[in-house]
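Here is a short briefing to read alongside the model. Take a look at the fold first, and then we can walk through a few of its parts together.

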Amino acid sequence: MNTVDNRTFAFAEFVSSPFNLHIDGAQVRANGGNTFESLDPGTGAVIATLAAGDAADVDAAVSAARKAFITSNWATMPAADRAVILHRLADLIDQNSALLAEIESKDVGKPRAQAAAFDIPHAAQTFRYYADLSNNTRSREPFAVKGNEAWSVRQPYGVCAFIFPWNFPFLLLGWNVSPALAAGNTIVIKPAAETSLSALYFARLAEQAGVPKGVVNVVTGSGTVVGTALAGHSGINRLSFTGSPEVGRVVAEACARNLVPAKLELGGKGAAVLFDDVSVDNAAEALAGAVTLNAGQVCCTATRWLVHETIADAFIAKAAKSMSGMKIGYGGDDTTQLGPLVSDKQRRRVLGYVERSKSEGAEAYLPGGAAEVSDREGGFYVKPALLGGAPDNVCAREEVFGPVAYVMTFRDEDEAIKLVNSSPYGLANSVWTADTRRAKRVAEQLVAGNSWINAHNLFPHGVTYGGVNLSGCGGGILGPDTLDDYYRKLSVVRPI
């Protein structure tokens, strides 16, 4: 039996029975007995049946997490001992990477090779990074205060809640829960209804690694029911939400009523600024790959391409050629470069944006539209679109979340910076030029959480990734400060 057959067999075995909720180390049915179906975006077929939780299930999960925080030794064990378990968990992720990549491909629609090359191994590396960082973080810090002996103590917060989106379910889980667990917190995860499978598999791996029962809990179901109940639950101590600004506002309001701090990683409308000394071919290839990665369902990707007017024609021609040459296909096919969108709803959204953009006067260098894939009837496929024109066009202003790029031109550095900063978003931008001094100068003036130079979508461990304005607030991820977010600080003072 070859590797592909082994993967397929393992996935079929994994989804062979209806999935229950994972609460207090056990698989339990939803309180109301309701279920929902997960679809394969590449075919539209049902791949799994899952429990549809409700507020009572959320309450049970939070209670289990609270009990584990108090009665298990997870919060009180030495950081080195937790680090050993988290390293073991990272090893299990690596050992099961083929199946996890298959789960992500089937659930999200993304090319399996992309999930195997980045999503799964990067998540495992993130667990190792925070395990090691927590082991090397001082639990006590002295203060030099005249007349007193004073110090601060780092303690885990308690129950941390996580609400995840559907575009990078396992990667974002790894990025977010690893620092919380490393700090000694217990967690409740609400995965996206469209892509819940990898979170449920993660709970199994955590148990195998030796994480005590109740430390990791997963409640599946709709955002309006489960997400709302979790965000508004008075028993959580922190919450992290990744998703749209519109839902982020609702989540923040719910947390605020209970005075629960919320970390929000929201949408983006990233810009790539290309100066006239850039390698046109290299930049066009790189940005075409960025905007079609995960079918464009990437919040930080560059969807606004600001190109110096002297190279615009050459750049557009090269980018259009690269994008039109992408192999559109099923995520499980090894030759696929551009898989389907996650759902029919998302496909209709993307196609609607493209048509509206054209109706507002955008020039269509690549018109986009629905795509058909042989033998995959029923899948949610679209063609990449390359549009261009005025900066007030809808595709220049709003997040499309599909393989759609919008080109604008500029004459000088000041105009380029003004165009970038005209967006209410602020997640990630990139500057492309052979002039290093100019690249650094411009990168530091762009209003966002991240600026990249001569590349896009860079996520090294140790560098904080987060957003500002409509793109988020409350802290970032992947940096050392993220671990500190999951400790509460206690100051102790003794007069001497």
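At roughly what angle do the axes of helix α4 and helix α7 cross? The axes of α4 (residues 97-108) and α7 (residues 197-209) cross at roughly 160 degrees and come within 9 Å; axes are lines fitted to C-alpha atoms, for helices over the stretch in contact, with angles from 0 to 180 degrees between N-to-C directions. This is a predicted model, where local features need pLDDT of at least 70, side-chain atom pairs count only at pLDDT 80 or more, and totals for chains, interfaces and linings use all residues. Residues are numbered from 1 along each chain as its sequence is written, and side-chain values use heavy atoms, leaving out hydrogens and water.

**The helix pair**
- α4 and α7 are therefore roughly antiparallel to each other (angles over 145 degrees).
- On the α4 side, Leu99, Leu100, Ile103, Glu104 and Asp107 meet Leu197, Ser198, Tyr201 and Leu205 of α7 (contact means heavy atoms within 4.5 Å).

**Helix α10**
- Among the buried residues of α10 are Val280, Leu287 and Val291 (under 20% relative accessible area, 1.4 Å probe, protein chains only).
- Their cover includes β12 (270-274), β13 (302-308) and α11 (312-324).
- Just after α10, Asn294 takes a positive phi of about 55 degrees.

**The open sheet**
- Three strands are ordered β5-β6-β20, with antiparallel pairing (at least two DSSP bridges between two strands).
- β5 (140-143) and β20 (487-495) are the edges, each with a single partner strand, so one side of each lacks a neighbour in the sheet.
- Pro142 stands opposite Trp151 in β6.

Methods:
Buried < 20%, exposed > 50% of the residue type's maximum accessible area, 1.4 Å probe, protein only. Helix = DSSP H or I, 4+ residues; strand = E, 2+ residues; numbered from the N terminus. Parallel < 35°, antiparallel > 145°, perpendicular 65-115°, else oblique.
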